[in-house]
Amino acid sequence: DAVNIRAEFKAYQHVLPKPQELLQGKHSFQTLRKMIEGNNLQPPRFLQYNTENGIKPHHALCNLLLTDYEVDEDFKLSCDT
């Protein structure tokens with residue numbers, strides 16, 4: 001699912017703050033959703049409510065960052081051998 005979440009982040013990156021900034025907790029769910037809607041865009045899954053079949057923003061961010069970490073660790077392991 002990280003591939004899909006990454007694609008959603010890339011599609012909205014011109015509107016959203018960087019993931020590192022989002023993790024600092026300075027942006028609320030409502031603020032991010034208003035940023036998207038203010039640009040006349042449909043909110044991505046990580047900014048949709050449960051009733052809209054959305055996923056929690058912090059779950060999406062953690063999924064992305066953990067996937068990046070795993071890829072980085074795999075790369076380090078392959079370079080070490």
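I begin with a definition: a salt bridge is counted here when a side-chain nitrogen of Lys or Arg lies within 4 Å of a carboxyl oxygen of Asp or Glu. Please bear in mind that this is a predicted model.

First, the overall architecture. The protein chain contains four helices and zero strands, and 27% of its 81 residues are buried. Of the contacts between residues at least 6 apart in sequence, 50% join residues at least 24 apart.

Now to the salt bridges, of which the whole structure has three. Which residues are linked in a network of them? The members are R33, E37 and E52. R33 meets E37 at 3.1 Å, N to O; these two residues are four apart in helix α3 and therefore separated by about one helical turn. R33 also pairs with E52, with the closest N and O atoms 3.0 Å apart. Because E52 lies in the loop between α3 and α4 while R33 is in helix α3, this pair ties together parts that are 19 residues apart in sequence.

E8 is one of the buried residues of α1, together with A2, I5, F9 and Y12. These residues lie on the same side of α1 because they cover an arc of only 120° around the axis. On the other side, V3 and K10 are exposed.

Definitions and conventions:
Residues numbered from 1 in each chain as written. Predicted model: local features only at pLDDT ≥ 70, side-chain atom pairs only at ≥ 80, totals over all residues. Heavy atoms only, no water. Buried < 20%, exposed > 50% of the residue type's maximum accessible area, 1.4 Å probe, protein only. Arc of directions from axis to C-beta. Contact = heavy atoms within 4.5 Å.
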